[in-house]
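Please examine the sequence and the structure below before reading on.

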Amino acid sequence: MEMKSSILVVDDEERIRRLLRMYLEKEGYEIDEAEDGETALEKASQTNYDLILLDVMLPGIDGVEVCAKLRQVKSTPVIMLTAKGEETNRVQGFEAGADDYVVKPFSPREVIYRVKAILRRSSATAFLSKDTYSSNNIVFPHLVIEHDAHRVSADGQEVALTPKEYELLHFLAVSPDKVFSREELLKDVWNYEFFGDLRTVDTHVKRLREKLNKVSVDAAAMITTVWGVGYKLEVPK
């Protein structure tokens, strides 16, 4: 029997938790709930959820802090729920390690779409062992991406990335030395056709560089900013 994906819904408003639970359970997901940041952090630390829907504005520890603390120990995909106009909070959420966001008031269809997209990417290879043969490796000096295993190594050391960080790196690596605008990256990596904050891209690039830089300065330097245009993955000559 196929295992159901488990999702933690974190929001201090019961009606929103109930609405999300109804739609997500209809899609076959197992749902757990938390109404505040402390409970969310405790549950997320003790349970291996497949995804977390996390409201920004929570009593006690807010969603941004919950995400930042969780990222110290886990790479569970996180979709932030933010009220319209909370642009600063969205940016802070991405800096804390969120993978995506949905703006309130939201369409349940959009939430389902975002959930399915992230789970599809993060779970497609979740059960592959580290010895799995990969025919889709991308190998550069200082950087190796094993796509079948969703594994990234910089100078021989594995780098733990969130699903969105991995997808961004892989997208750039497939077309080395090609410059992509922020708009193109939002469209192709985030699937944002008509909305989306361009700083979403900047904050993810920043986090990606920081993670690579911890193990390889040379690998981090491959992600190059082309001022006034966007980003590219530059292969050392």
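The structure shown here is a predicted model. The protein has nine helices and twelve strands. It consists of 237 residues, of which 51% count as buried.

Strand 6, residues 137–140, pairs with strand 7 in the antiparallel sense, and four bridges are found between the two. Within this pair, N137 stands opposite E146 in strand 7. The two strands form a hairpin in which two residues lie between them, and H142 in the turn has a positive phi of about 80°.

Strand 7, residues 143–146, is also paired with strand 8, again in the antiparallel sense and over four bridges. Here L143 has A154 of strand 8 as its bridge partner. Strand 7 and strand 8 form a hairpin with four residues between them, and in this turn H150 has a positive phi of about 50°.

The next partner is strand 9, residues 157–159, which runs antiparallel to strand 8 and is joined to it by three bridges. One of the pairs to look for is S153 with its bridge partner E158 in strand 9. A hairpin with two residues between the strands is formed here as well, and D155 in its turn has a positive phi of about 50°.

Towards which sides do the residues of strand 8 point? In a regular strand, side chains alternate between the two faces of the sheet. In strand 8, residues 151–154, R151 and S153 point one way, while V152 and A154 point the other way. All four of these residues are buried.

Three strands form an open sheet in the order 10-12-11, with antiparallel pairing. Strand 10 (180–181) and strand 11 (223–226) stand at the edges and have a single partner strand each, so one side of each is left without a neighbour in the sheet. Strand 12, residues 230–233, pairs with strand 11 in the antiparallel sense over four bridges. In this pairing, T224 has K232 of strand 12 as its bridge partner.

G230 is placed in strand 12. Is G230 buried or exposed? Its relative accessibility is 0%, and because buried means under 20%, G230 counts as buried. Leaving aside residues up to four places away in sequence, G230 touches V179, F180, S181, R182, T224 and T225. G230 and E184 are 46 residues apart along the chain, and their C-alpha atoms are separated by 9.0 Å.

Helix 6, residues 163–174, lies across strand 10, strand 11 and strand 12, and runs at about 70° to strand 12. Helix 8, residues 199–215, lies across strand 11 and strand 12, at about 145° to strand 11.

Rolling a probe the size of a water molecule over the atoms shows where empty space is left. The second largest pocket holds about 200 Å³ of space. Its lining is made up of R71, S75, V159, A160, R207, E210, K211 and K214. Which element gives the most to this lining? Helix 8 does, with four residues.

The last stop is the loop between helix 7 (182–188) and helix 8, where N191 is found. N191 has a relative accessible area of 27% and is therefore partly exposed, since that class lies between the limits of 20% and 50%. N191 and A117 are 74 residues apart in sequence, while the distance from C-alpha to C-alpha is 9.4 Å.

How values were computed
Residues are numbered from 1 along each chain as its sequence is written. Side-chain values use heavy atoms; hydrogens and water are left out. Two strands pair if DSSP finds at least two bridges between them. Contact means heavy atoms within 4.5 Å. Axes are lines fitted to C-alpha atoms, for helices over the stretch in contact, and angles run from 0 to 180 degrees between N-to-C directions. On a 1 Å grid over the protein atoms alone, a cavity is a set of points where a 1.4 Å probe fits but cannot get out, and a pocket is an open set with protein on both sides within 12 Å along at least five of seven lines; lining residues have an atom within 4 Å of a point. Grid points are joined across faces, edges and corners, and a volume is the space filled by probe spheres set on the points. Buried means under 20% relative accessible area, exposed over 50%, partly exposed in between (1.4 Å probe, protein chains only).
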